[in-house]
Amino acid sequence: VAASWEAAALDALAWALGLVPALDPTELGDTGRLVDEIPHPWQKTEPWIAARELRPEPEIVRQREIAEIWDWRVSVEPSRRSAEGRELKTIERAITETTRESQAAGLLPPGKKGSFRFSGSIPVTDADLEDLDRLVAITTERLLALNWLCGFGDSWDDVPLDL
């Protein structure tokens, strides 16, 4: 299970290297294809590394911002579901404001309050518990990888998620 979620980090790193054209914030890419594209343990890595170039820094930073927004949104959903009264209103207001600001910044597609959709059209608010657990795992691993790429932490093992 842990290895499958770490594939979300691999997706982000592959995207940053231009091995995949786009990065969906909530879906895993074709990890098998990526593993075939990277050097195997018995192969020399120098030629492969020399042929790679990271995407421009502004693109990586933008993708990191998207990952952070998505990680926050799916992580706050369990609290939203269990909240009542004033607490529920506070959480929903934060979701609405974050959505509005993220759309204005071009980090989320324009649209209704429910712009946090996965699998093409399912709002996060309609995710079942299994999908929600999967989304939290993917978005957290994705954010970890992009934070690492942006230089947060001294090593992979101490990359912070809360900045």
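Modeller: Take helix H4 to begin with: at 1.5 Å a residue, its 26 residues should span 38 Å, and its end C-alpha atoms are 39 Å apart, which agrees. The expected span is 1.5 Å times one less than the number of residues. Helices (H or I, at least four residues) and strands (E, at least two) are DSSP runs, numbered from the N terminus. This is a predicted model, where local features need pLDDT of at least 70 and side-chain atom pairs count only at pLDDT 80 or more, while totals for chains, interfaces and linings use all residues. Residues are numbered from 1 along each chain as its sequence is written, and side-chain values use heavy atoms, with hydrogens and water left out.

Biologist: Where in H4 does the kink lie?

Modeller: At Val 76, shortly before the proline Pro 78, with an angle of about 30°. The bend at a residue is the angle between axes fitted to the seven residues ending there and the seven starting there.

Biologist: What makes Trp 70 count as buried?

Modeller: Its relative accessibility is 4%, so Trp 70 counts as buried; the term means under 20% relative accessible area, with exposed over 50% and partly exposed in between (1.4 Å probe, protein chains only). Phe 116, with 3%, is buried by that rule.

Biologist: Why is the pair of Trp 70 and Phe 116 called edge-to-face?

Modeller: Rings of Phe, Tyr and Trp (its six-membered ring) pair if their centres lie within 6.5 Å; planes under 30 degrees apart are stacked, over 60 edge-to-face and the rest tilted. Here the centres are 5.1 Å apart and the planes at 75°, so the pair is edge-to-face. Trp 70 lies in H4 and Phe 116 in the loop between helix H5 (85-104) and strand E1 (117-118), so the pair ties together parts that are 46 residues apart in sequence.

Biologist: What makes Trp 148 and Trp 156 an edge-to-face pair?

Modeller: Their ring centres are 5.5 Å apart and their planes at 65°, so the pair is edge-to-face. Trp 148, at 38%, is partly exposed, and Trp 156, at 31%, is partly exposed.

Biologist: How do you know that the charged end of Arg 73 sits over the ring of Phe 116?

Modeller: That charged end is 5.9 Å from the ring centre. The rule asks for NZ of Lys or CZ of Arg within 6 Å of the ring centre and within 35 degrees of the ring normal.
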